[in-house]
Amino acid sequence: MFINQRKKIVFMESKTVSDKIIETLIELGIKRVYGLPADNINPLLNSISKYEDKIRFIKFLREDDAGIAAVFEAKYAGKPSVCFASVGPSSALMVHAMYEAKMDHVPTILITVDIPSYMDGKDYVKALNLLTLFKDVANFNVKITDPLSAKYAIYRAYKESILKNSVSHISFPLDLLKEEITYDEKIELNIPRIEYNFDTSRVIELINKSEKPLILIGHGARKEGNRIAELAEKIGSPIIYTMRGKGIVSDYDEKVMGGIGAFGTDASFKALSEADLLIILGSDFPHTWYFRDDIDIIQVDTNPNNIGKRLNVTEGILSDVRTFIDKIMNKIEEKKEKFYSELKEIKLEWEKKLVETANLSKSPIKPQKLMIELSKRIGDQIIVSDIGSVTVWVIRDLKVRTGQLVLTSAWYGTMGCGIPGGIGVALASNKEVL
């Protein structure tokens with residue numbers, strides 16, 4: 001799928017391929033690159049030093065931490081981040097972080113530096129087959145051997161990562177980085193705008209006939225909290241959320257019952273047990289045994305592969321959440337009987353039980369107590385949760401407001417992601433991170 005760029009060449013003063021890589025990253029708006037200094041990536045670090053007012057190298061002590069920081073930056077920003085790795089163990093350690101990106105569907109670009117091309121096939125020290133190493137984790141996975149392809153490959157990796165919310169891996173032999181080039185290329189980054197066209201008649205029918213609709217929100221509903229709350233109010237629906245859906249609608253909203261599964265509450269389980277219609281917005285929730293078999297399901301997702309992958313859906317809609325809600329909002333009937341009101345006492349009883357549990361012991365402090373006190377004090381900080389029992393306490397017991405970002409390792413479950421992830425988010429956001 002590579003295209004001939006030679007017709008677009010403009011000659012210029014001599015620069016190295018490494019310089020061109022860094023210039024291209026700057027063109028694409030990359031402000032940070034994460035990694036660990038090593039001999040083989042020194043050409044890239046030297047090039048960064050020429051543009052240090054525009055791009056920074058963020059140094060970690062291990063490549064997997066550097067990769068996690070990059071991935072969490074992308075989780076926050078919603079656009080590709082970049083990390084570097086050197087030959088051998090350096091690249092192998094990055095596999096862990098790239099699986100974090102793959103499984104949470106986070107756009108991430110990994111640039112690795114391979115052994116010199118003249119040592120290929122000679123069983124050289126630290127020689128790994130990098131394309132094989134990243135074959136399962138990267139949707140775009142190439143080794144560049146021609147200086148002419150360097151800029152195009154970076155642009156292509158960026159575009160692939162955005163369109164597929166995936167990992168892109170580009171490998172450059174060390175000797176190629178040092179080659180001089182005397183040309184530039186004009187490449188335009190064209191990200192197509194996706195327009196969704198779907199029939200709402202069946203959706204309207206299902207919502208209007210339901211007596212107890214329930215909305216489940218995931219990461220794909222991010223930034224649409226107010227719209228979702230309006231929809232839920234109109235149809236009387238309680239709202240429950242996945243790990244990545246926390247913070248989209250405020251926990252203080254009377255319609256929000258909490259998480260699901262291990263992160264669930266008495267109110268969320270009651271909602272699931274009584275609902276006659278489940279509306280899944282932007283989620284590919286894997287633990288489907290929490291859902292009844294006899295319930296109608298509407299699933300809305302931008303990825304057609306997710307629709308009906310785990311459940312028999314009554315109606316699948318290929319759309320983003322905003323477009324879906326905008327198209328149905330004025331066509332659905334307002335329900336006088338609010339299903340969420342029936343769960344009010346159960347929700348209050350759960351919160352009372354939480355406070356009682358929190359106060360059972362002053363030493364050691366109960367984790368529920370810490371979450372209650374944090375809930376009173378947090379402002380607009382971005383919250384990064386590590387993985388383990390702490391995840392349950394944050395997702396289930398911490399209360400956050402609409403639009404407050406709560407980031408964690410939802411699918412890969414990376415223990416130890418909290419500190420490097422928090423660093424990546426803090427650098428990208430310039431905000432206080434908890």
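Me: Where is Leu-318 placed?

Reply: Leu-318 sits in strand β14, residues 315-318. Helices (H or I, at least four residues) and strands (E, at least two) are DSSP runs, numbered from the N terminus. The model is predicted: local features need pLDDT of at least 70, side-chain atom pairs count only at pLDDT 80 or more, and totals for chains, interfaces and linings use all residues. Residues are numbered from 1 along each chain as its sequence is written, and side-chain values use heavy atoms, with hydrogens and water left out.

Me: Why is Leu-318 called partly exposed?

Reply: Its relative accessible area is 36%. Buried means under 20%, exposed over 50%, and partly exposed is in between (1.4 Å probe, protein chains only). So Leu-318 counts as partly exposed.

Me: What makes a residue a contact of Leu-318?

Reply: Contact means heavy atoms within 4.5 Å. Leaving aside neighbours within four places in sequence, Leu-318 has contacts that include Tyr-196, Phe-198 and Thr-302. The C-alpha atoms of Leu-318 and Thr-302 are separated by 5.4 Å, with the two residues 16 apart along the chain.

Me: How do you know that Lys-151 is buried?

Reply: Its relative accessibility is 3%. That falls under the cut-off, so Lys-151 is buried. The residue belongs to helix α6, residues 150-164. Beyond four places in sequence, Lys-151 touches several residues, among them Lys-20, Glu-27 and Asp-184.

Me: What makes the pairing of the Lys-151 and Asp-184 side chains a polar contact?

Reply: A polar contact is a pair of N or O atoms within 3.5 Å; within protein, one must be able to donate a hydrogen and the other to accept it, and residues adjacent in sequence count only if both atoms are side-chain atoms. The Lys-151 and Asp-184 side chains make such a contact at 3.3 Å.

Me: Ser-166 lies in a loop. Why is Ser-166 called buried?

Reply: Relative accessibility is 4% for Ser-166, so it counts as buried. The loop runs between α6 and β7 (167-173). Residues touching Ser-166 include Val-106, Pro-107 and Asn-139. Tyr-99 is 67 residues away in sequence and 9.9 Å away in space, C-alpha to C-alpha.

Me: Buried or exposed: which is Lys-223?

Reply: Lys-223 has a relative accessible area of 72%, so it is exposed. Its place is the loop between β9 and α9. Lys-223 has a positive phi of about 75°, although it is not a glycine.

Me: Why is Asn-430 called exposed?

Reply: Asn-430 reaches 74% relative accessibility, so it counts as exposed. It lies in the segment after α15 (418-429). Asn-430 is not a glycine, yet takes a positive phi of about 55°.

Me: What covers the buried residues of α9?

Reply: The cover includes α8 (201-209), β9 (213-217) and α11 (321-328). Buried residues of helix α9 (225-235) include Ile-228, Leu-231 and Ile-235. Just after α9, Gly-236 has a positive phi of about 70°.

Me: How many helices and strands does the protein chain have? What makes it as compact as a globular protein of its length?

Reply: The chain has 15 helices and 16 strands. Its radius of gyration is 24 Å, close to the 22 Å that the globule rule gives for 434 residues, so the chain is as compact as a globular protein of that length. The radius is taken over C-alpha atoms; the rule is 2.2 Å times the number of residues to the power 0.38. Of the 434 residues, 53% count as buried.
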